[in-house]
Amino acid sequence: MPYETILIIEAKPCRIKKICTCCTRWACLDYLIYTGADTVPVEDKQLYGFGGAIAKHLVDSIPTEKVTHLFTDRYFTGLAILDYLVSRNVYLTGTVMTNRTDGVVESFPKDTCMERGSSVSR
């Protein structure tokens with residue numbers, strides 16, 4: 001089955017945190033039950049951060065033949081995971097926290113210098 005658009009979502013029913021990948025029709029493709037710090041391997045946490053390691057685990061089950069677009073929130077987004085995802089033919093769209101940009105944030109104009117309604121992306 002070719003995948004085109006995948007979302008990573010978190011659900012917390014009954015105090016259990018489940019993180020899953022879903023297609024645009026909200027069908028669950030893969031999931032991970034959060035069990036604490038040992039949910040993902042230590043090596044992946046060191047390379048990609050905790051959220052990136054979770055994203056890596058969840059996209060491993062997606063076939064690489066077709067381009068996939070992954071949409072995440074800021075918890076799963078970072079520059080370190082992007083190289084891995086591109087190598088698997090997965091492109092990420094998500095909000096990046098300023099402390100995860102490796103200095104790219106300085107190239108953006110300040111909010112006070114921008115006009116209302118304008119945007120900048122990299």
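Biologist: Why does Tyr34 count as partly exposed?
Modeller: Tyr34 has 36% relative accessibility. Buried means under 20% relative accessible area, exposed over 50%, and partly exposed in between (1.4 Å probe, protein chains only), so Tyr34 at 36% is partly exposed. This is a predicted model: local features need pLDDT of at least 70, side-chain atom pairs count only at pLDDT 80 or more, and totals for chains, interfaces and linings use all residues. Residues are numbered from 1 along each chain as its sequence is written, and side-chain values use heavy atoms, without hydrogens and water.

Biologist: What makes Tyr34 and Phe50 an aromatic pair, and of which kind?
Modeller: Rings of Phe, Tyr and Trp (its six-membered ring) pair if their centres lie within 6.5 Å; planes under 30 degrees apart are stacked, over 60 edge-to-face, the rest tilted. Here the centres are 6.0 Å apart and the planes at 85 degrees, so the pair is edge-to-face.

Biologist: And why are the rings of Tyr48 and Tyr84 called tilted?
Modeller: Their centres are 5.9 Å apart, and the planes stand at 50 degrees, so the pair is tilted.

Biologist: How do you know whether Cys22 is bonded to Cys20?
Modeller: A disulfide needs two cysteine sulfur atoms within 2.5 Å. The sulfur of Cys22 is 3.6 Å from that of Cys20, therefore too far for a bond. Cys28 is in no disulfide either, with the sulfur of Cys20 4.1 Å away.

Biologist: Why is no salt bridge assigned to Asp30?
Modeller: A salt bridge is a side-chain nitrogen of Lys or Arg within 4 Å of a carboxyl oxygen of Asp or Glu. The nearest side chain of opposite charge, Arg88, is 9.3 Å from Asp30, so there is no salt bridge.

Note on methods. Lys, Arg positive; Asp, Glu negative; His and termini not counted.
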